[in-house]
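Please keep the sequence and the structure in view while reading.

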Amino acid sequence: MNSKTLSNFHKFGKVGKIAMTVLMVIAILVAAASCVATIFVSTLPKDALTVRVTNHAEFRINEKNFDSLWDILADGFSYAGDVSTEAMLSGGNNKIIPPEDQDFNMELSFFNQSFSSAKIHSEENTKVIEATSSPAEYRSANLVSVLIFAPLFAASAAAALFMLKRLFAVLAKCGSPFCEELVTKMRAFGFSLLPVALFATIGETLSTAFLSAGRDTGISIQWGVLIAFAVTMCLVTVFKYGIQLQKESDETL
């Protein structure tokens, strides 16, 4: 490797080392701040804050298509009133439709939204369903399980940045990109990404569940970090092969 290329290689390592140091300090500060926030929230009474959120939706359906679309949208309903079943039969097709201008319970799903009660009324040739969801409840006590993974994620990110800083430090001084120390530091950085992926996955999964008021939202896997780990391990293999080729070349010369 000529001196100019090697000099650029070292400059890249020095700049990367400085950048990783700055990012590592930021990650440490974030970890400390989130740790303080977690401790503060955990000391609050369980009922310190409760927020209930109810979603509303309005479905406007052409009267001619109402019967067929009602079967698709609603999965049954219950009604406590004095209107007879015969009176709720829809025009000759033997389908039972809730009475208008009366509150009733039902199960209605639309994409990822679920509604538990509704009221139907007519406007000219349109049937309007005013649907309301069950209250979603958010408690400050439930926030602790979400916040506790924030300092863990920030700390794991700081550790990964520290490993990357050590990798750039080797780049800033080594005489060739194909050296054993570089491969060792690269492998260490790759494995340091696994805790980042783990804590980020758990943290995002819990935060999504919290924001959805406990409804099942699945697992939010951090594929980006896992792909970065796989790419780093591939680079480790490539650089190890490059070291072997360089050794064979040096022995031949």
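In helix α2, which spans residues 66-73, the residues Phe66, Asp67, Trp70 and Leu73 are buried, where buried means under 20% relative accessible area, exposed over 50% and partly exposed in between, with a 1.4 Å probe and protein chains only. Seen down the axis of α2, these buried residues fall within an arc of 130°, so they line one face of the helix; the arc is that of the directions from the helix axis to the C-beta atoms. An α-helix has 3.6 residues a turn, so residues three or four places apart point the same way.

This is a predicted model, in which local features need pLDDT of at least 70 and side-chain atom pairs count only at pLDDT 80 or more, whereas totals for chains, interfaces and linings use all residues. Residues are numbered from 1 along each chain as its sequence is written, and side-chain values use heavy atoms, with hydrogens and water left out. Helices (H or I, at least four residues) and strands (E, at least two) are DSSP runs, numbered from the N terminus.

Helix α1 (residues 3-42) packs against helix α4 (residues 149-171) at an angle of about 165°, their axes being 8 Å apart; axes are lines fitted to C-alpha atoms, for helices over the stretch in contact, and angles run from 0 to 180 degrees between N-to-C directions. The two helices α1 and α4 are therefore roughly antiparallel to each other, a term for angles over 145 degrees, with those under 35 counted as roughly parallel, 65 to 115 as roughly perpendicular and the rest as oblique.

A second pair is formed by helix α3 (residues 140-147) and helix α5 (residues 180-211), whose axes come within 8 Å and cross at roughly 160°. That makes α3 roughly antiparallel to α5. In this pair, Asn142, Leu143, Ser145 and Val146 of α3 meet Leu206, Ser207 and Phe210 of α5, contact being defined as heavy atoms within 4.5 Å.

Two buried positions remain to be followed. Ser156 belongs to helix α4 and is buried, with a relative accessible area of 6%; not counting residues up to four places away in sequence, Ser156 touches Pro195, Val196 and Phe199. Gly190 lies in helix α5 and counts as buried at 0% relative accessibility. Leaving aside neighbours within four places in sequence, Gly190 is in contact with Phe229, Thr232 and Met233, and the C-alpha atoms of Gly190 and Met233 are 6.4 Å apart in space although the two residues are 43 residues apart in sequence.
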